[in-house]
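Colleague: I would like to learn how to read charged side-chain pairs in a model, taking one case step by step.

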Amino acid sequence: GQFPKVNTAEDGYTWTSPVDAYPPQNKFGLKGMIGNVWEWVDDWWTTQHSTEPLVNPRGPPTGTEKTKKGGSFLCHKSFCYRYRSSARHQNTPDSGTSNNGFRCARSIEA
């Protein structure tokens, strides 16, 4: 359809899709990593990033906006064009929309 006025649901979903609606998207077998909902992360938002290579860099200890990653079903090249797992955006912690969510995760022993 013509974003944002017409959603043809040609993918079978008018809004979000179930996490297992599409095949794994990477060698780890992860599904639904980008393009369904922006995913809230624990980090506070910042635009000040190190240029050094880092492993699991943390955001600042405090802030007013939280970081979210990945893009959502509402992203379109005329609006945000961010279907990438490395895409970042921000919102206040009290924001609630149909295109924001979170992913539960846990560490596993190697």
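Colleague: Are Asp 42 and Arg 58 buried or exposed?

Modeller: Both Asp 42 and Arg 58 are exposed, where exposed means over 50% relative accessible area, buried under 20%, and partly exposed in between (1.4 Å probe, protein chains only). This is a predicted model, in which local features need pLDDT of at least 70 and side-chain atom pairs count only at pLDDT 80 or more, while totals for chains, interfaces and linings use all residues. Residues are numbered from 1 along each chain as its sequence is written, and side-chain values use heavy atoms, with hydrogens and water left out.

Colleague: How many salt bridges does a search of the whole structure find?

Modeller: Side chains of opposite charge can pair when their charged atoms come close. A search of the whole structure finds three salt bridges, each being a side-chain nitrogen of Lys or Arg within 4 Å of a carboxyl oxygen of Asp or Glu. In one of them, Asp 42 pairs with Arg 58, with the closest N and O atoms 2.9 Å apart.

Colleague: Which side chain meets that of Lys 66 in a salt bridge?

Modeller: That of Asp 42 does, at 3.9 Å from N to O; Asp 42 has a relative accessible area of 54%, whereas Lys 66 is buried at 14%.

Colleague: What is the relative accessibility of Asp 43?

Modeller: Asp 43 counts as buried, at 19%, and its salt bridge with Arg 58 has its closest N and O atoms 3.5 Å apart. Through shared partners, salt bridges join Asp 42, Asp 43, Arg 58 and Lys 66 into one network.
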